[in-house]
Amino acid sequence: MTLGNSMLIPILPQMEKELNITALQASLTITVFSVTAAIFIPILGYLSDRLSRKAIILPALFLYGIGGLLAGLAAAFFNSPYTWIIVGRSMQGIGAAGTAPIAMALTGDLFKGGAQSKVLGVVEASNGFGKVLSPIVGSLLALIVWYGPFLGFPIFCLFSIFLTLFFVKEKKKKKEPMPFGKYIHGLFSLFKREGRWLFTAYLAGATCLFTLFGILFYLSDVLETQYAIDGVLKGFILAIPLLFLMTTSYITGSKIGKNLKKMKFLIILGFLLMTISFASLVFFNALFPFISVLVVSSIGTGLVLPCLNSLITGSVGKERRGMVTSLYGSVRFLGVAAGPPIFGWLMNWSRTGMFLATAGLTLLVALFCLLFIHVKGQAKRDQEESGSIFSRMHQTTE
């Protein structure tokens, strides 16, 4: 899933030149992918609850690959390929909707207790690893031909299809899926009862991805326009903050277990680190200090995301887990979609204003997390491993 956007970020400036399009039009290749995914994720999440996780993941991967193939062939053979690239990216968005969010629900099905948090940390680290590899792979493929990244998608999807088909062993459903009316009623009851903290967690996830992709978009533009750095070197530089995000995600997921107090503390700490980093970037223009300070925000993001994954995935039973995690995936995608165009506009407005506004946003979200994610004292270990995560959370929904 992460290849879908990150692999294209290094080629956006070149795409503008080759297709004779504006920076906004180029950024729409990121936005349309993410918006389409955000729309279809809840639908596919519901179907994964009704059918099975693999029944959604496998066709989604196939559609993802076909969309990339269409975009690549259009760029290669059509005189005016932009519209077809957008169509291909929309197809990829639908395909992406059935990948990582459903995989998160599948992880929740297969693992329990502390093992669930650890594996979800691995899932988020894999997400980060995809982001680390993406700019490098995208830059390498673009050395062959600028639209090479589009043609790389079918290859990656084919490998993923075979790996999922043969190595992911899904547990068979023992009960018939509940009627649609009962399913929706239970979902509304869930959000009525737990909505305040759950929507805060959704906002936190969207903010992490919004700031991450917005800053990457800014950095990609600056590397090319101010430092004349492009190609593989540019990909490696873009990968530096993502490498820290990946490493932090893996370590965080391995250490948090089901300790809710620790999760809340790390979420708030992560947003405070992001706030400090973004506010400090105002004072740094040289590349090395800028990247060094930016890394602090990536570490903060790496602290936040595994904790959110564990809270949200463990928040509901298997019958509705696909929908709840998919809605989380939707808001994350909306964050990705909003990042490049909004940061593009902010870049034209004021560099200082852009960083201070971003810091203000992350500080505000930290405050929301402090107020609305409340935890009771830790229960006994055996209750902690077997009980619902809701039984150990004190919500502020009165």
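## Helix packing and a buried serine

Ser 297 lies in helix H12, which spans residues 287-313. The model described here is predicted. With a relative accessibility of 5%, Ser 297 counts as buried, because buried means under 20% relative accessible area. Apart from neighbours within four places in sequence, the residues in contact with Ser 297 are Met 274, Ser 277 and Phe 278.

Two pairs of helices are considered next. Two packed helices are described by the angle between their axes and the distance between the axes. The table gives these values for each pair.

| Helix pair | Axes come within | Crossing angle |
|---|---|---|
| H3 (residues 23-50) and H4 (residues 53-77) | 9 Å | roughly 155° |
| H10 (residues 231-256) and H11 (residues 260-280) | 10 Å | roughly 155° |

Because angles over 145 degrees count as roughly antiparallel, H3 and H4 are roughly antiparallel to each other. The crossing of H3 and H4 is right-handed. On the H3 side, the contact is made by Phe 33, Leu 44, Leu 47, Ser 48 and Asp 49, while H4 contributes Arg 53, Ile 56 and Tyr 64. By class, the residues of this contact between H3 and H4 comprise 5 nonpolar, 1 polar and 2 charged.

H10 and H11 are likewise roughly antiparallel to each other. In their contact, Thr 252, Lys 255 and Ile 256 of H10 meet Lys 262, Met 263 and Leu 266 of H11. The contact of H10 with H11 divides into 3 nonpolar, 1 polar and 2 charged residues.

Note on methods
Residues numbered from 1 in each chain as written. Predicted model: local features only at pLDDT ≥ 70, side-chain atom pairs only at ≥ 80, totals over all residues. Heavy atoms only, no water. Helix = DSSP H or I, 4+ residues; strand = E, 2+ residues; numbered from the N terminus. Buried < 20%, exposed > 50% of the residue type's maximum accessible area, 1.4 Å probe, protein only. Contact = heavy atoms within 4.5 Å. Axes fitted to C-alpha atoms, helices over the stretch in contact; angles between N-to-C directions. Parallel < 35°, antiparallel > 145°, perpendicular 65-115°, else oblique. Left-handed = near helix turned anticlockwise from the far one by under 90°. Nonpolar A, V, L, I, M, F, W, Y, C, P; charged D, E, K, R; others polar.
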